[in-house]
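This report goes through a predicted model, taking its nonpolar cores, helices, hairpin, backbone features and annotated positions in turn. The sequence and the structure are shown here for reference.

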Amino acid sequence: MRIHVVDHPLVAHKLTTLRDKRTDSPTFRRLADELVTLLAYEATRDVRTEQVEIETPVTATTGVRLSHPRPLVVPILRAGLGMLDGMVRLLPTAEVGFMGMVRNEETYEAHTYATRMPDDLSGRQVYVVDPMLATGGTLVAAIRELIKRGADDVTAICLLAAPEGVEVMEQELAGTPVTVVTAAVDERLNEDRYIVPGLGDAGDRMYGTAG
């Protein structure tokens with residue numbers, strides 16, 4: 001597994017505002033969307049392309065376009081939905097799947113309650129979006145499902161990561177083609193499995209506590 005922490009002043013600036021507990025939900029959603037686009041720019045550096053011949057107003061030339069099969073973007077519900085627009089803005093031709101996952105608050109294990117994506121992901125580059133890599137359980141379960149369906153190139157895009165979650169992913173997904181792109185790896189998890197200093201519950205801060 002490879003982890004890439006995006007070191008850019010605009011990333012750090014937006015992340016600081018997201019961390020601030022005074023930031024309201026509309027501002028949080030907007031900044032998360034903007035931050036995802038910056039992270040996606042780095043995450044898609046190795047997106048597969050193919051050459052194509054085109055005519056400019058001046059002459060013929062050779063360019064590139066995204067290869068087929070098209071990339072697949074998979075947000076982890078619900079908080080991952082807040083990252084979807086930022087991804088498809090950068091990859092407008094990508095297809096979108098969904099995975100609904102919930103964490104047992106006693107065991108901290110992730111369980112899948114809904115999926116909507118192709119059964120066969122052979123040859124597909126898949127971009128999983130989930131705001132927090134905390135314990136690592138949710139992303140490990142999601143990525144295993146993608147690989148079981150044939151995905152051979154998976155990139156997880158997270159706003160924040162904890163060292164414990166990174167370690168779990170390295171252990172559980174050893175030998176699999178996985179990259180994690182994040183704005184920061186924070187200090188640790190606390191006793192409630194929240195990232196410290198973190199930014200709180202990303203889903204609640206995006207959408208409120210209804211539900």
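Once its neighbours within four places in sequence are set aside, Met-87 is in contact with Val-36, Ala-40, Val-73, Tyr-127, Val-129 and Ile-157.

Met-87 itself belongs to the largest nonpolar core, which has 35 residues and in which Leu-18, Leu-39, Met-87, Ile-157, Leu-159 and Leu-199 touch the most other members. Two or more residues of this core come from each of helix H1 (9-19), helix H2 (25-43), helix H3 (81-90), strand E8 (125-129) and helix H6 (202-207), and H2 gives the most, with 8 residues.

In helix H5 (residues 163-172), the buried residues are Gly-165, Val-166 and Met-169. These residues cover an arc of only 100 degrees around the axis, and they therefore lie on the same side of H5. An α-helix has 3.6 residues a turn, so residues three or four places apart point the same way. The buried residues of H5 pack against several elements, namely strand E1 (2-5), strand E9 (132-133), helix H4 (137-148), strand E11 (160-161) and strand E12 (178-182).

Helix H4, one of these packing partners, has 12 residues that should span 16 Å at 1.5 Å a residue, and the distance of 16 Å between its end C-alpha atoms agrees with that expectation. Within H4, the residues that are buried are Leu-139, Val-140, Ala-142, Ile-143, Glu-145 and Leu-146. Just after H4, Gly-150 adopts a positive phi of about 105 degrees.

## The hairpin of E2 and E3

Strands E2 and E3 run antiparallel and are joined by 7 bridges, while a hairpin leads from E2 to E3 through 4 residues. In this pairing, Glu-50 stands opposite Arg-65 in E3.

Beyond its neighbours within four places in sequence, Gln-51 is in contact with Thr-62, Gly-63 and Val-64. Gln-51 and Arg-65 are 14 residues apart in sequence, yet their C-alpha atoms are 6.5 Å apart in space.

## Cis peptide bonds and a positive phi

Two proline-containing loops deserve a careful look. The peptide bond that joins His-68 and Pro-69 is cis, with omega about 0 degrees, and Pro-69 lies in the loop between strand E3 (60-66) and strand E4 (72-77). The bond from Val-196 to Pro-197 is cis too, omega being near 0 degrees, and Pro-197 lies in the loop between strand E14 (195-196) and H6.

Arg-193, in the loop between strand E13 (188-189) and E14, has a phi near 65 degrees, which is a positive value in a residue other than glycine. With a relative accessibility of 32%, Arg-193 counts as partly exposed.

## Positions annotated in UniProt

In an unreviewed entry, UniProt lists under "binding site" the residues Arg-78, Arg-103, Asp-130, Pro-131, Met-132, Leu-133, Ala-134, Thr-135, Gly-136, Gly-137, Thr-138 and Asp-201. A "binding site" listing from the unreviewed entry also gives Ile-195, Gly-200, Asp-201 and Ala-202.

Which residues does Met-132 touch, not counting residues up to four places away in sequence? Met-132, which lies in strand E9, touches Leu-160, Ile-195, Leu-199, Gly-200 and Ala-202. Asp-201 is found in the loop between E14 and H6 and is partly exposed, its relative accessible area being 31%. Gly-137, which lies in helix H4, is partly exposed as well, with a relative accessible area of 25%.

Notes:
Residues numbered from 1 in each chain as written. Predicted model: local features only at pLDDT ≥ 70, side-chain atom pairs only at ≥ 80, totals over all residues. Heavy atoms only, no water. Contact = heavy atoms within 4.5 Å. Buried < 20%, exposed > 50% of the residue type's maximum accessible area, 1.4 Å probe, protein only. Arc of directions from axis to C-beta. Expected span 1.5 Å × (residues − 1). Core = buried A, V, L, I, M, F, W, Y, C linked by side-chain atoms within 4.5 Å. Pairing = 2+ DSSP bridges. UniProt positions renumbered as here; feature names shortened; annotations may be inferred.
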